[in-house]
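Subject: Handover of a structure

Dear colleague,

Please find the structure below, together with its sequence. My notes on what was found in it follow.

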Amino acid sequence: MDLKGYFKRIGFSGLYDKADLDTLRTIHKLHVMTIPFENLSLHSGGKNTMDLKVIYEKIVCEHRGGWCCENNLLFSWVLKEMGYTFTTLGGKVFSRVKNDYSTMDCHLINMVEIEGKSYITDVSFGTSSQIWWPLEIIADKDQPQPPGVFRLLNDGDRWMLEITGRKPLIQNEALANSRLAEKFGTHPMYSFSLTPRAVDHFLETSEYLQTSPESLFLLKSICSLQTPTGYRALIGWTYSEVTFNPEEDRDVYELRNIPDSEIEAILKDKFSVTLGKKVTAINKKDTAFGVLNLLV
Ligand SMILES: CC(C)(COP(=O)(O)OP(=O)(O)OC[C@H]1O[C@@H](n2cnc3c(N)ncnc32)[C@H](O)[C@@H]1OP(=O)(O)O)[C@@H](O)C(=O)NCCC(=O)NCCS
């Protein structure tokens, strides 16, 4: 594994002799702009692993993306190689369907400490709630970024991350499902404690999320990537290009359904992802959100 290979993959050509906040902001943003949040291995006959070498090979060498346990685990290796002081944490994802957090830690994130301040780095939440830059761990402070206004709340040992997003202006109403149209305002994303977590903390969850029929990651094939003006996503057969529009407090969603025969080309042209295997697209409604029932 080679840090230069990672830098080339994300297009970083700056200096990295100092583990400072500016450099962290730069590589964080480059990561979310070049490496997709995607679960396509699960829909093309493969599996997701927590073996760092396999993840490096997949994301850096094969130009694929990954889900949080892949992207953020790779990012923890990057932080270590660059000399940052960091701790890996586990998060419980909030479901709008159930109006509650998952019971188990199903989201892997990293906390970085720089000059006496702590920050959350998370390069893999995906779609409309992806942070572009690290968030300072400080309670009740609005931290505006292009996708929306992020805010951390604190309740004793637990921290809660929420986003205030903008109303979607959906260009193709025929494709607008009600949950997408209703997705705006303030909603929780995930909660976490500052307890350090090792890779084995996530092994059982990772297995569950890719085998349980209830898992969101089996209900939907997902590929999303942030762009300088918003984000793009392929969820099942629906391809969307989203333009953030904070001036008018509306994000513009251009949606279209694509046939199976075009999926490979869309992945290549819009996400620079080539699988070499056929993806079976799927987009089932999330009614119970499997991660909530995780291993109870
Ligand atoms: C795939 C994803 C869109 C589904 O998220 P969700 O929390 O179930 O639902 P959302 O509130 O974001 O979206 C509501 C609906 O709009 C759809 N939607 C959201 N963004 C969309 C877009 N850009 N284009 C088309 N449809 C979209 C969703 O598929 C969902 O449809 P459904 O009602 O048929 O299930 C995405 O937000 C996601 O991947 N979330 C999980 C992130 C996560 O858990 N990360 C950590 C672990 S790796």
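A strand is here a DSSP run of E of at least two residues, numbered from the N terminus, and two strands pair if DSSP finds at least two bridges between them. Strands β13 (residues 230-235) and β14 (residues 238-243) are joined by six bridges and run antiparallel. Within this pair, L234 has Y239 of β14 as its bridge partner.

Please note that the model is predicted. Its average pLDDT over the chain is 94, and 97% of the residues reach at least 70. Residues 292-296 call for separate mention: their pLDDT stays under 50, and the model has 17 contacts for them beyond four places in sequence.

The pair described above belongs to an open sheet of six strands, in the order β1-β12-β13-β14-β15-β10, with mixed pairing. At its edges lie β1 (37-38) and β10 (167-170), each of which pairs on one side only.

Turning to the helices, the axes of α3 (residues 52-61) and α4 (residues 68-82) come within 10 Å and cross at roughly 105°. Because angles of 65 to 115 degrees count as roughly perpendicular, α3 and α4 are therefore described as roughly perpendicular to each other. On the α3 side, the contact is made by L52, I55, Y56 and I59, and on the α4 side by E70, L73, L74 and W77. By class, seven residues of this contact are nonpolar, none is polar and one is charged.

Yours sincerely

Key. Residues are numbered from 1 along each chain as its sequence is written. This is a predicted model: local features need pLDDT of at least 70, side-chain atom pairs count only at pLDDT 80 or more; totals for chains, interfaces and linings use all residues. Helices (H or I, at least four residues) and strands (E, at least two) are DSSP runs, numbered from the N terminus. pLDDT is the predictor's confidence in each residue, from 0 to 100. Two residues are in contact if their C-beta atoms, placed from the backbone, lie within 7 Å. Axes are lines fitted to C-alpha atoms, for helices over the stretch in contact, and angles run from 0 to 180 degrees between N-to-C directions. Angles under 35 degrees count as roughly parallel, over 145 as roughly antiparallel, 65 to 115 as roughly perpendicular and the rest as oblique. Ala, Val, Leu, Ile, Met, Phe, Trp, Tyr, Cys and Pro count as nonpolar, Asp, Glu, Lys and Arg as charged, and the others, Gly among them, as polar.
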